[in-house]
Amino acid sequence: MYDILSSNANSFINDHEVIMSLDEGKLLATDPKAVASILKRAKTFKGLNHREAAVLMQVTDPDVLEKIYALAKHIKEHIYGRRIVIFAPLYLSDYCINNCSYCGYSSKNKNPQRHRLTQEQLKKEVQILEKLGHKRLALETGEDPINCPIDYIIECIQTIYSLKCENGAIRRVNINIAATSIENYYRLKEASIGTYILFQETYHKPTYLNAHPQGPKHNYEWHTEAHDRAMTAGIDDVGVGVLYGLYDWKYDTTAMLMHAEHLEAIHGVGPHTISVPRLRAATGMTQESFPYLVSDDHFKQLVAVLRLAVPYAGMILTTRESPDFRNEMINLGISQVSAGSCTGVGGYASSIKLEKKTDGGTPLVQFEPEDQRSPIEILKGLLKGGYIPSYCTACYREGRTGDRFMQLAKSGRIANVCQVNAILTLQEYIDDYGDHELKELGEIAIQREIDLMSNKKTKGKTVEALSQIKNGARDLRI
Ligand code: SF4
Ligand code: SF4
């Protein structure tokens with residue numbers, strides 16, 4: 001039975017409730033009055049529940065879809081302004097004892113080299129990332145308690161935070177590792193992680209069990225209840241996500257919204273981020289074997305509906321998508337993108353000699369990126385599109401996590417903070433790493449944003465901070 005307050009994954013993500021929501025939604029999607037009423041509610045920036053979202057996911061009228069897209073853009077800019085947060089993934093280890101059907105790190109790939117970065121190799125990777133201007137990382141590992149234990153991950157986090165390269169520094173380390181015990185989540189919390197991100201991959205249990213035929217990840221309940229354990233251990237900011245293409249996108253999106261509602265009902269805080277990766281080819285697999293691949297049009301619809309349903313959540317798109325498509329998605333609700341990503345261990349310093357290997361073969365990639373642009377090219381693209389690329393990491397360092405953050409995000413007040421921090425971090429970036437074109441584009445955008453500021457006090461403070469940055473100050477933030 002569906003019970004939002006249950007601690008059992010099969011109750012708070014109840015299959016019958018998902019199917020009922022989709023059945024009801026299909027009928028209401030053809031009723032203009034019902035759709036108009038849901039859109040009216042979405043306009044209040046208060047979000048939608050999974051039943052309402054299930055209606056919008058089944059709208060097929062092109063005129064109504066255009067309204068949904070326009071509203072998604074409006075809501076995103078109301079909540080977060082024009083800033084787009086930039087981050088990079090960093091792969092620490094590709095050892096994995098799971099056998100996920102869609103992933104290049106799967107243990108079924110028997111012959112490839114497997115690697116784990118030594119601390120020295122990690123330092124080289126981080127230095128390269130810092131020289132590219134990155135400030136925010138998402139650490140990625142496969143699951144292997146022997147070759148990649150929690151002690152190793154904690155040591156890596158400490159190494160990363162300790163490194164400074166010229167003006168470069170990683171200021172926020174988000175963690176994307178397998179579901180683990182509450183004790184380990186306490187340790188991650190103590191290590192000052194940013195967001196703990198765990199993708200569900202699919203909420204459809206039979207598909208989940210089939211896609212994860214062995215290893216600890218086969219345990220659907222252990223995996224689906226992991227965010228609850230993380231939040232119980234004091235990790236305020238957690239991220240959810242679906243790997244689109246494993247099962248019907250409408251089912252998974254409805255279920256992911258139920259997950260968000262559950263987290264908010266139990267812990268008082270919904271997901272900090274929502275990731276929407278689409279299935280891509282990887283070592284040892286092609287897309288052809290997956291019958292639920294999501295078309296571009298349906299992907300647009302799900303991104304827009306998620307933005308209407310969970311206006312406060314950061315929405316993340318990775319380099320799995322092509323540059324043009326990423327730009328389109330940014331208009332529909334995406335607020336964070338990765339840039340210049342390498343999806344293999346040691347990928348940033350690929351010339352370094354890797355420590356440990358099982359036997360011969362080529363290095364694994366978890367998936368094949370579509371967007372191969374460098375960070376600077378991505379920044380230029382965003383600036384040309386009227387967006388402000390942001391390397392901001394201010395919130396968690398200023399204690400704006402969990403419900404404190406949510407209050408600001410839900411009221412739309414976070415946009416003012418985001419705007420100033422985006423401007424300041426962009427100024428840092430163009431001074432430290434920009435070429436001539438980026439400097440020109442960046443200065444124009446910064447001036448435009450300052451001109452748009454209505455609060456004189458904030459404007460004055462921002463202009464003063466910009467002047468300090470130009471004179472060498474770094475890491476100024478509000
Ligand atoms: Fe391992 Fe994660 Fe890949 Fe599954 S998705 S094989 S758990 S790295
Ligand atoms: Fe993110 Fe907070 Fe910075 Fe805005 S101010 S970009 S929400 S860290």
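On a 1 Å grid over the protein atoms alone, a cavity is a set of points where a 1.4 Å probe fits but cannot get out. A molecule sits in a cavity if more than half of its atoms lie within 2 Å of its grid points. The model is predicted, with local features needing pLDDT of at least 70 and side-chain atom pairs pLDDT 80 or more, while totals for chains, interfaces and linings use all residues. Residues are numbered from 1 along each chain, ligands from 1 in the order in which they are written, and side-chain values use heavy atoms, without hydrogens and water.

Ligand 2 sits in the second largest cavity. Strand S1 (83-93), helix H16 (394-397) and helix H18 (414-433) each give two or more residues to its shell; helices (H or I, at least four residues) and strands (E, at least two) are DSSP runs. H18 provides the largest share, four residues. The surrounding residues include Arg83, Arg136, Phe405 and Asn421. By class, the shell holds eight nonpolar, one polar and two charged residues. Here Ala, Val, Leu, Ile, Met, Phe, Trp, Tyr, Cys and Pro count as nonpolar, Asp, Glu, Lys and Arg as charged, and the others as polar.

Helix H8 spans residues 182-190, with Asn184, Tyr185 and Leu188 buried (under 20% relative accessible area, 1.4 Å probe, protein chains only). These buried residues fall within an arc of 100 degrees seen down the axis, so they line one face of H8. The arc is taken from the directions from the helix axis to the C-beta atoms. On the other side of H8, Glu183 and Glu190 are exposed (over 50%). The cover over the buried residues of H8 includes helix H7 (150-162), strand S6 (196-197) and helix H11 (226-232). Just after H8, Ser192 takes a positive phi of about 65 degrees.

Notes
Near = heavy atom within 4 Å. 1 Å grid on protein atoms, 1.4 Å probe; cavity = no way out; pocket = protein on both sides within 12 Å on 5 of 7 lines; lining within 4 Å. Contact = heavy atoms within 4.5 Å.
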